[in-house]
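Good morning, and thank you for the time. Please have the model in view as we proceed.

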Amino acid sequence: MLSVQNLTKQYQKVLANDHLTFDANPGEVTLMVGPNGAGKSTAIKCIAGLLRFRGDVLICGYPNKTVEAKRAFGYIPEIPAPYDALTISEHLEFVGRAYRVENWQQKAERLMERMELGDKAKKLGKELSKGMQQKLSICCALLPSPKVVMFDEPMIGLDPHAIKELKTMIGELKQQGCAVLISTHMLDSVDDLWDKTLIMMNGRIAAQRTRGEIERTGENLEQLFFSITESGEKEGVQ
């Protein structure tokens with residue numbers, strides 16, 4: 001489980017995140033959406049432990065910067081950053097050994113096969129296209145079998161086959177009881193995946209809805225998104 005309580009991040013006079021509070025529950029896919037400047041990227045970086053912040057972020061009950069939390073956490077950033085001098089297989093070996101993953105070789109081979117990287121295992125990080133970097137990032141994040149997985153714009157740069165396979169993987173993570181958080185602008189790419197959505201405006205959560213709540217009102221995710229973001233009105237979290 002991912003629990004975010006009163007997450008606040010300020011850059012001098014700019015309040016990027018204003019007391020964000022939400023949970024991403026096991027076996028659910030939670031979306032974080034909003035227009036540019038809403039504070040999504042800052043929140044993602046704070047959750048990942050890349051920025052200092054006020055408040056609490058707990059991963060499986062542990063503060064996000066602890067070793068225990070990092071062992072249970074997988075993060076796929078919007079901009080992958082592979083090591084230039086390591087091959088694809090060496091990236092996965094590094095992760096497998098660092099996390100002490102049992103049978104990491106077999107798991108790594110299976111992940112590479114699913115992301116169509118098997119025949120490119122000896123390619124260096126500096127030789128990879130944006131899409132291949134993204135695929136490698138997904139493989140590295142999922143190799144340790146994390147209990148909480150956070151994706152930042154996961155579909156960007158992927159070819160249609162890889163998008164289809166990633167959606168299948170996300171469905172499998174749900175079935176395995178993982179808590180999945182996805183930050184994206186591409187609403188149509190995740191419309192069949194999500195269980196709960198958080199719509200951000202001006203550093204706050206302007207609306208929070210489950211799929212069931214939206215379906216009962218006859219709305220859809222896109223309609224709700226535009227009704228909140230175009231009007232600029234903030235709703236209290238239900």
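A charge is taken to sit over a ring if NZ of Lys or CZ of Arg is within 6 Å of the ring centre and within 35 degrees of the ring normal. Arg211 is placed in this way over the face of Trp194, 4.6 Å from the ring centre. The charged end of Lys9 likewise sits over the ring of Tyr11, at 5.2 Å from its centre.

A word on the basis: this is a predicted model, in which local features need pLDDT of at least 70, side-chain atom pairs count only at pLDDT 80 or more, and totals for chains, interfaces and linings use all residues. Residues are numbered from 1 along each chain as its sequence is written, and side-chain values use heavy atoms, with hydrogens and water left out.

How many aromatic pairs does the structure hold? There are three, where rings of Phe, Tyr and Trp (its six-membered ring) pair if their centres lie within 6.5 Å, and planes under 30 degrees apart count as stacked, over 60 as edge-to-face and the rest as tilted. One of them joins Tyr83 and Phe94, edge-to-face, at 6.2 Å centre to centre with 75 degrees between the planes. Because Tyr83 lies in the loop between strand 6 (73-76) and helix 3 (88-98), and Phe94 in helix 3, this pair ties together parts 11 residues apart in sequence; helices (H or I, at least four residues) and strands (E, at least two) are DSSP runs, numbered from the N terminus.

Phe225 and Phe226 have ring centres 5.4 Å apart and planes at 80 degrees, so this pair is edge-to-face. Phe225 is buried, at 12% relative accessibility, while Phe226 is partly exposed at 37%; buried means under 20% relative accessible area, exposed over 50%, and partly exposed in between (1.4 Å probe, protein chains only).
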